[in-house]
Amino acid sequence: MPVARLVGTGSYVPSRVLTNAELEKMVETSDEWIRTRTGIQERYIAAEQEATSDLAMRAARQALEMAQLDPAELDMIVVATITPDMIFPSAACFVQEGLGAKRAGALDIAAACSGFVYGLAVADGLLRTGTIRTLLLLGAETLSRIVNWQDRNTCVLFGDGAGALVLRASEGERGILATSLRSDGSKGPILMLPGGGSRHPNSQAVLDAKMNTIQMAGGNEVFKLAVRAMEEASLTVLKQAGVDIKDVGLVITHQANLRIIGALGQRLGLPEEKIYHNIQRVGNTSAASIPLALDEAVRAGRVKEGDLLLFAAFGGGLTWGAALVRF
Ligand code: ACO
């Protein structure tokens, strides 16, 4: 059975930087509060004319270049996002058109901050069937469009960006080794965007109640659940693959909070140098956060051919999961 090998990475962040100092002027907060509670110092915000697929395409072109693959050779495009350009067509269809990926299928995945790990599992399944040989997986978000800029509980956390990964069905040992996906819909209400769908279609009342923006009830609960869930998913994939955590070269988790990442590292007994983080500069970019960090790590020489990588994520839904990969 073929293995889904990672053959190219890419990333893109918009040019506009929003600092904590600027947020101090927008809501009652402080640089000190944001830095000590979350680790975030600044984040990127998409320009008015930039939609999610625009960010995704910039990241995709880099990944395709690294993979030395022409877009016309792609069999499938998967975009993990909760901020697609429109309800439909999917963001993946806009990417397909923009890249000129003439023979690719296109599909969006909505698993919030876990979207990229969900995408890896979907990519793994499709590539193993042998009917799909090349797949472009993107995590891309313009969260700035769905943030309530008057809500200090959430507006300081999020940023925009995109990360890309090209995967190819290959022989051998390198590729996706194990994935684990979980969810718990009963806890959905702690993190949601309730408006604009079929439950609460767009209306003046929905807009007035800010139901078209991210609502988070209990950041503290999200914090604790995130650490526990990512630990459990990480241990599951390590066990599935028969790998000891000591043999993992680099761990890249969803970048939601530096303290969440630190607590997970402690529970897994990981030395600091094995945990990659860039949340300080990019904030929480939801489905984009792992592929953005992965591309940075690859280009910085932190990831070598044959290294074992562990990805873990947690997000709205609730959803969570992990993936173990040999790069
Ligand atoms: N500036 C100043 N004060 C603030 C701010 C802010 N931006 N936001 C909240 N506060 C206040 C609250 O109103 C509250 O005040 P109160 O005690 O008077 O009611 C207080 O700070 C809460 O403080 P703490 O309990 O110390 O906050 P905590 O250490 O839990 O940190 C945080 C809060 C950052 C939200 C943390 O719980 C967290 O990161 N949780 C994860 C949430 C998350 O990442 N959600 C994103 C989506 S899911 C995902 O990506 C995993």
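**Exercise 1.** Decide whether T81 is buried or exposed in this predicted model, and list what surrounds T81.

*Solution.* T81 sits in the loop between β4 and α4; helices (H or I, at least four residues) and strands (E, at least two) are DSSP runs, numbered from the N terminus.

Step 1: apply the cut-offs. Buried means under 20% relative accessible area, exposed over 50%, and partly exposed in between (1.4 Å probe, protein chains only). T81 has a relative accessibility of 4%, so T81 counts as buried.

Step 2: look for polar contacts, that is, pairs of N or O atoms within 3.5 Å; within protein, one must be able to donate a hydrogen and the other to accept it, and residues adjacent in sequence count only if both atoms are side-chain atoms. The T81 side chain reaches the backbone nitrogen of T83 at 3.0 Å. A polar atom of that side chain also lies 2.7 Å from the backbone oxygen of A140.

Step 3: list the contacts (heavy atoms within 4.5 Å). Leaving aside neighbours within four places in sequence, the partners of T81 include T52, A91, D108 and A287.

The model is predicted: local features need pLDDT of at least 70, side-chain atom pairs count only at pLDDT 80 or more, and totals for chains, interfaces and linings use all residues. Residues are numbered from 1 along each chain as its sequence is written, and side-chain values use heavy atoms, with hydrogens and water left out.

**Exercise 2.** Find which residues of helix α4 are buried and where they lie around the helix axis.

*Solution.* Step 1: α4 covers residues 91-99, and A91, A92, V95 and L99 are buried there.

Step 1: seen down the axis of α4, these buried residues fall within an arc of 100°, so they line one face of the helix. The arc is that of the directions from the helix axis to the C-beta atoms.

Step 2: the cover over the buried residues of α4 includes α3 (52-67), β4 (76-80), β5 (105-109) and β6 (134-142).

Step 3: after α4 comes G100, whose phi is positive, near 75°.

**Exercise 3.** Give the strand order of the open sheet that contains β8, and name its edge strands.

*Solution.* Step 1: the open sheet has 5 strands in the order β8-β14-β13-β11-β12, with mixed pairing. Two strands pair if DSSP finds at least two bridges between them.

Step 1: β8 and β12 (275-276) have a single partner strand each, so they stand at the edges, and one side of each is left without a neighbour in the sheet.

Step 2: take one pair inside the order. β11 (residues 250-253) and β13 (residues 308-315) pair in the parallel sense over 4 bridges, with L250 opposite L309 in β13.

Step 3: L181 is partly exposed, with a relative accessible area of 34%. Beyond its neighbours within four places in sequence, L181 is in contact with V117, Y118, A121, W320 and G321.

**Exercise 4.** Describe strand β1 and its pairing with β7.

*Solution.* Step 1: β1 (residues 3-12) is mostly covered, with 8 of its 10 residues buried.

Step 1: β1 pairs with β7 (residues 160-170) in the antiparallel sense over 9 bridges. Within this pair, G8 stands opposite V166 in β7.
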